[in-house]
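I opened the notebook to work through one structure, element by element.

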Amino acid sequence: MPSTRRLFDYWRAGTAEGRPLRRTDIDPSAIKPILPFLLLGDIEASPFRVLFRLVGTSVADFSRQDFSGKYLDELVYDMRDSVDWHDGYRYVHDERVSILGVNDLRFADGRVKSYEFAILPLWRGDDPAGSFIAIEAYDEFDRHVIPELNPVTQRP
């Protein structure tokens, strides 16, 4: 997807010459067209947790909630997403690599539509994958379907 490619190219340029990219290195003006699709956060190693510091407006809309400031383990997404996000973020952290994939998004009426995502590690403190920038590429989605999606919810 064009938005995923744009983020990956930006991230790769920032890590040129072996220099790690940090969240503080991100220049929002350089990736302005894809900001609504981005997620920024931290990965805590022990115990393993993922904190979403910032969730783009399109991600919040398609999730049917803004989960900025929430931990991944506080969210329920299994009625909606085919991806086990916990496993994905753990893999990015443990292997210190980026991942690109496809998530099958389930609608309330049983329909399924896919979108591309990427999770790219960012350096934080002494951890080369202690933070991340991610994208959910809703490039081909019609915003009118949002009310028909199963929502991401919070654990009670």
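Predicted model: local features only at pLDDT ≥ 70, side-chain atom pairs only at ≥ 80, totals over all residues.

**Entry 1**

I looked up the strand order. An open sheet of 6 strands runs S3-S2-S1-S7-S6-S5, with antiparallel pairing. Which strands stand at the edges? They are S3 (70–71) and S5 (99–106). Each has a single partner strand, so one side of each has no neighbour in the sheet.

**Entry 1: strand S1**

I moved to S1, which covers residues 38–44. I checked how buried the strand is. Of its 7 residues, 6 are buried, so S1 is largely enclosed by the rest of the structure.

I then followed the pairing of S1. It is joined to S7 by 5 bridges, and the two strands run antiparallel. S1 is also joined to S2 by 6 bridges, again antiparallel. A hairpin of 4 residues leads from S1 to S2.

In S7, Ser 131 stands opposite Asp 42. In S2, the bridge partner of Asp 42 is Leu 51.

S5 and S6 run antiparallel and share 8 bridges. Val 102 faces Glu 116 in S6. The hairpin of S5 and S6 has 5 residues between the strands. Gly 110 in that hairpin has a positive phi near 100 degrees.

S6 spans residues 112–124 and S7 spans 127–137. These two are antiparallel as well, with 8 bridges. Ile 119 has Ala 134 in S7 as its bridge partner. The hairpin of S6 and S7 has 2 residues between the strands. Gly 125, in this turn, has a positive phi of about 60 degrees.

I also looked at what lies over the sheet. Helix H1 (residues 2–14) lies across S1, S5, S6 and S7. H1 runs at about 155 degrees to S7.

**Entry 2: the nonpolar core**

I reminded myself of a general rule. In soluble globular proteins, nonpolar side chains tend to be buried together. Then I looked for the largest nonpolar core here. It has 46 residues. Which of them touch the most other members? I found Phe 52, Trp 85, Tyr 89, Ile 119, Phe 132 and Ile 133.

S6 gives the largest share, 6 residues.

I took a closer look at Trp 85. Leaving aside neighbours within four places in sequence, Trp 85 is in contact with Leu 72, Tyr 77, Asn 103, Tyr 115, Phe 117, Ile 119 and Glu 136.

**Entry 3: helix H3**

I asked which residues of H3 are buried. They are Trp 85, Gly 88, Tyr 89, Val 92 and His 93. Seen down the helix axis, the buried residues of H3 fall within an arc of 130 degrees, so they line one face. The buried residues of H3 pack against S1, S2, S5, S6 and S7.

I checked both ends. Asp 84 caps the N-terminal end of H3, with a side-chain oxygen 3.1 Å from the backbone nitrogen of His 86. After H3 comes Arg 96, with a positive phi near 55 degrees.

**Entry 4: Asn 150**

I found Asn 150 in the loop between S7 and S8 (153–154). Is Asn 150 buried or exposed? Its relative accessibility is 16%, so Asn 150 counts as buried.

I looked up the polar partners of its side chain. A polar atom there lies 2.9 Å from the backbone oxygen of Met 79. The backbone oxygen of Arg 106 lies 3.4 Å from a polar atom of the Asn 150 side chain. Beyond neighbours within four places in sequence, the contacts of Asn 150 include Arg 64, Arg 80, Phe 107 and Ala 108.

**Entry 5: Pro 128**

I ended on Pro 128, in strand S7. At 23% relative accessibility, Pro 128 counts as partly exposed.

Definitions and conventions:
Residues numbered from 1 in each chain as written. Heavy atoms only, no water. Pairing = 2+ DSSP bridges. Contact = heavy atoms within 4.5 Å. Axes fitted to C-alpha atoms, helices over the stretch in contact; angles between N-to-C directions. Core = buried A, V, L, I, M, F, W, Y, C linked by side-chain atoms within 4.5 Å. Buried < 20%, exposed > 50% of the residue type's maximum accessible area, 1.4 Å probe, protein only. Arc of directions from axis to C-beta. Polar contact = N/O pair within 3.5 Å; in protein donor to acceptor, adjacent residues only side chain to side chain.
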